[in-house]
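Work through the exercises below with the model open. Try each task before reading its solution.

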Amino acid sequence: MKIPVLYIVIPCYNEEEALPITAARMAELLDEMTRKGLIDEKSRVTLVDDGSRDRTWEVICALNAKDKRFEGVKLAHNAGHMNALWAGMRMVCDSCDALVTIDADLQDDVNAIYGFLEKYREGCDVVYGVRNDRSSDTAFKRSTAQGFYKLMKKLGVEMVYNAADYRLLSRRAVEALLSFGEVNMFLRGMVPLLGFKTAEVYYERGERVAGESKYPLKKMVAFAVEGITSFSNKPIRLVTLLGFVCALLGAAMAVYVIVSLVAGHSVAGWASTIMSIWLLGGLQLIALGMIGEYVGKIYMETKRRPKFILEEYRK
């Protein structure tokens, strides 16, 4: 196998504090791997500015001016983490033999890329970076993350446990992934659908090199909902099942009322009436909300809006 041209795609949103540290580590990594003959000297780092509000683009431009191995892709507005990754992959697909996606905070161990390349040389088109453990997470984040993976598995979604968006994709894997047409993207569920030969490389996750997390609880919940509704219709079926259960409870309540009247209980219980109203009202709202999630996705898909709008590309 010839020495591959490797591109490292890094989505950036308000990362002006972390980028200088990240760039220094990436430059060192490229030097090491090139010197060892693991990657071609044409290998690059592509930094995707996802509509940042700070000086992220200015930092990227400065890095590009100093070292042409750093490319910059500027999106015209904040398209979201998944779309920023998609934009980076689309821009570099024709120039690389393989690419790695990694976040700018460098919590993911960059040394795992050596393992990625080893698996790639063995013929793997997809190599997942998988965390050894979640001891560095808070108890809340650890329990919710594990619960999310277990829930997705029960819903029938194929995912790699404890694997995020740190992975290597061969060029043909990227081309196959880019052929997917959906607007509502959940890459952690889409990549396993490719079907190519895969492998896993385990690593320890560290702390952010600088700056603050760009994924607060609100975004994590939205991410989980996006993943569930993008890959499974089981929630709709569960709502239907819940409707049948409520219908049975209503029938049981009717029998109870008739028996009470026959037994001479003339005063109907207001508590049971109120509870029934609240129960059914709540279930109806849940069902409407769940249906609304899917209708909203259909609405977005039919618009066929572009996943991102490119403002500038610096090579």
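**Exercise 1.** Find how helix 1 and helix 4 pack: at what angle, and with their axes how far apart?

Solution. Locate helix 1 at residues 19–35 and helix 4 at residues 112–121. Helices (H or I, at least four residues) are DSSP runs, numbered from the N terminus. The two pack at an angle of about 40 degrees, with axes 11 Å apart. Axes are lines fitted to C-alpha atoms over the stretch in contact, and angles run from 0 to 180 degrees between N-to-C directions. Helix 1 is therefore oblique to helix 4. Angles under 35 degrees count as roughly parallel, over 145 as roughly antiparallel, 65 to 115 as roughly perpendicular and the rest as oblique.

Next, list the residues. Leu-29, Glu-32 and Met-33 of helix 1 meet Ile-113, Tyr-114 and Leu-117 of helix 4. Contact means heavy atoms within 4.5 Å. Five of these residues are nonpolar, none polar and one charged.

The model is predicted: local features need pLDDT of at least 70, side-chain atom pairs count only at pLDDT 80 or more, and totals for chains, interfaces and linings use all residues. Residues are numbered from 1 along each chain as its sequence is written, and side-chain values use heavy atoms, without hydrogens and water.

**Exercise 2.** Decide which residues of helix 6 are buried.

Technical notes
Buried means under 20% relative accessible area, exposed over 50%, partly exposed in between (1.4 Å probe, protein chains only). Ala, Val, Leu, Ile, Met, Phe, Trp, Tyr, Cys and Pro count as nonpolar, Asp, Glu, Lys and Arg as charged, and the others, Gly among them, as polar.
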